[in-house]
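Biologist: I would like to learn how to read a few features of a protein structure. Please show me the model, and start with the terms.

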Amino acid sequence: MNIMLLYGTETGNAEMLAEDIMAELEGEHAVECRNLSDFAPDEFDAGRLHMIVCSTYGDGELPASAQPFAAALKAASPSLSGVHFAIFGLGDSEYEETFNFGSKGLAELLAAHGAKQVGERLTHDASGSDMAEDLAFPWAAQTVALAEEAIGENA
Amino acid sequence: MSRAVAIVGSGPSGCYLAQALLKATPDLRLDLVDRLPVPYGLVRYGVAADHQGTKGVIRQFERLFERQGAGFVGNVAVGEDVSLDDLREAYDAVVLAAGLSADQALGIPGEELEGVYRAGRLTRALYEHPDAEPLPGLGRRVVIMGNGNVAIDLLRLLAKTPDELAGSDLGPGPSAWLAASGIEEIEIVGRSPAAAAKFDAVMIRELAKLAGVAIRVVDAGASDDPEGAKTIAALEAIDGHGSGSRRITFRFGLTPVELAGADGRVGEIRFVDGSGDVTSLPCSAFITAIGFDDEGVLPRDALLGSAADREAGVLAPGLYATGWFRRGPQGTIPDNRADAQLLAARILADLETGAAPAAKPGRDAFPEWAGAVGYQGWKRIDAAEIAAAPENRCRVKINSRDAMLALAFQEEECPR
Ligand SMILES: Cc1cc2nc3c(=O)[nH]c(=O)nc-3n(C[C@H](O)[C@H](O)[C@H](O)COP(=O)(O)OP(=O)(O)OC[C@H]3O[C@@H](n4cnc5c(N)ncnc54)[C@H](O)[C@@H]3O)c2cc1C
Ligand SMILES: Cc1cc2nc3c(=O)[nH]c(=O)nc-3n(C[C@H](O)[C@H](O)[C@H](O)COP(=O)(O)O)c2cc1C
């Protein structure tokens, strides 16, 4: 599988998790890892799985590194039909009312432009007892399997 | 041989800098020197005990020592145990990331009265910093002066019921102190109007979760500015919250002019309001949360004053500054990360172009650091703190330097 692993972060947790996921998948798959701040909406590729790790900041907003991407996507408003993405959220249940709104909002934004979500959006809670990677690794394996069906094994 | 870099201070700014440096140049010989036997600065001793999620960045910082080869040199104060000049002699680059730990003074008459306390003193005591002064009695009526997140942290902790501290790492001493505080009234006062308050709206919204309080907001005003309007909306939303026994009142636009009291103890604080009228609030304790300052161990003013490029964090050839030490006491953890990433690029470029004839010795110049606390020593402290956590707490901090050192060096005494 050809995977573009993207992260949106403010304090670096999502970046670390993305790097861990890359290390986990690299053996079997072609993975490129990038900050969302270095990714433009016209770089989406129908032949790839876009795997996104994104936190939440402020009051349920996107983290700093994801904001320029979201703004660019809204401005250009391209059709993302044929694009596949999976998304994993980082958040903190201390922020009850806006728990993981960042990843939720980003998923909605991509879907609104026609991209298709693969698998469930899973979330990590910084106030919980799970390690992010313990949730993310099985999620990543599962979404890759689903994407192989959707996009094709040799993509 | 690779270059040697020393970072003075292992708070978020030092750790993020180390992270960025080692990511770009994994073979740097990099040491984080801290005056405390334990790392992570204000992540451990400033970020509130009931905001454990924010402390999650520690997992990133652990990688520095566990995978990226950084060294921790704990219990070594630069400017006291080792001079800055000696450090610069031994390392190709030295970065001051020592933060700002002294409390700013308000500068009004009566500040010396008993019952007047500064936020840093209280947070250090609450979070069991080894150099903290004991927790003082606050009495029944507390006034907090300041409108930043630190003021709200203090307000929230003082207002919480014991149950509401479940899951935190607040220690048994401070927990018992809070449970027995007898506080009936907390007034929080800002000099500016509510629209200009520095606290985050989300910190205000969090107060609506408190069970034991009754909140009132006096004169939040209005604002055309979107940020200000957001703050005001958050304040209006909590106005009238709860009918608990602890009364919380927000007041704005009051400039403190004088503290007064009897028998050397504060009893009243006088303010002038926007129209020049004097008002006063009775209080049994007055807490200022108005910012932090340099404590003078390192010659910060002189170094920043003569800096080659203060904005970029370049003080002199081979000497840099980042974090609160450079910027002043503003900015949250992510601001330090952004700052550190810029500075890392600058340092690496300087090391690249610098024509140092031979690589410097780094920590090998200091054989006495064999007696410093290394990362493994800290991990023994960390493990002991987590293992001893009582019910409803995620850790119990070891609060004395001696006890920390005893644990850190334990392995040598009783090998397994
Ligand atoms: C009470 C409080 C609560 C806060 N809460 C939050 C929050 O919830 N979220 C958030 O994002 N930000 C919060 N902040 C802000 C955040 O803590 C700072 O942005 C950040 O800690 C600054 O990082 P620093 O590394 O510059 O300084 P520090 O974290 O202060 O680290 C400095 C380190 O240098 C060491 N040191 C000092 N002098 C010497 C010396 N001479 N030799 C060797 N070592 C030395 C110290 O021991 C310390 O470990 C809070 C701040 C305070 C004061
Ligand atoms: C100031 C601040 C605001 C936050 N706001 C939210 C929020 O509204 N919802 C949420 O689920 N998490 C929130 N979080 C938690 C972060 O998303 C969580 O700590 C995450 O692990 C950070 O990942 P990052 O380092 O990649 O940015 C907030 C954290 C901070 C410090």
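Modeller: Rings of Phe, Tyr and Trp (its six-membered ring) pair if their centres lie within 6.5 Å; planes under 30 degrees apart count as stacked, over 60 as edge-to-face and the rest as tilted. Here ring pairs join Y16(B), Y40(B), F61(B) and W378(B) in a cluster. This is a predicted model, in which local features need pLDDT of at least 70 and side-chain atom pairs count only at pLDDT 80 or more, while totals for chains, interfaces and linings use all residues. Side-chain values use heavy atoms, without hydrogens and water.

Biologist: How many aromatic pairs does the search of the whole structure find?

Modeller: A pair of aromatic rings is described by the distance of the centres and the angle of the planes. The search finds 13 aromatic pairs over all chains. In one of them, the ring centres of Y16(B) and F61(B) are 5.0 Å apart with planes at 85°, so this pair is edge-to-face. Y16(B) belongs to helix α1 and F61(B) to helix α3 of chain B, 45 residues apart. Helices (H or I, at least four residues) and strands (E, at least two) are DSSP runs, numbered from the N terminus.

Biologist: Is Y16(B) buried or exposed?

Modeller: Buried means under 20% relative accessible area, exposed over 50%, partly exposed in between (1.4 Å probe, protein chains only). Y16(B), at 1%, counts as buried, and F61(B), at 0%, is buried too.

Biologist: How many salt bridges are there over all chains?

Modeller: Side chains of opposite charge can pair when their charged atoms come close. A salt bridge is a side-chain nitrogen of Lys or Arg within 4 Å of a carboxyl oxygen of Asp or Glu. The whole structure has 40 salt bridges over all chains. In one of them, D50(B) and K160(B) have their closest N and O atoms 2.7 Å apart. These two residues lie in loops of chain B, 110 residues apart, and both are buried.

Biologist: What is the count of salt bridges between chain B and chain A?

Modeller: Eight salt bridges are counted between these chains. In one, E15(A) meets K23(B) at 2.2 Å, N to O.

Biologist: How is the size of such an interface given?

Modeller: The size of an interface is often given as the accessible area lost when the parts come together. Buried area is that loss for two parts (1.4 Å probe), summed over both. Chain B and chain A bury about 1700 Å² between them, 40% of it on carbon and sulfur atoms. R59(B), Q60(B) and R337(B) supply 29% of the area that chain B buries against chain A.

Note on methods
Residues are numbered from 1 along each chain as its sequence is written. Chains are lettered from A and ligands numbered from 1 in the order in which they are written.
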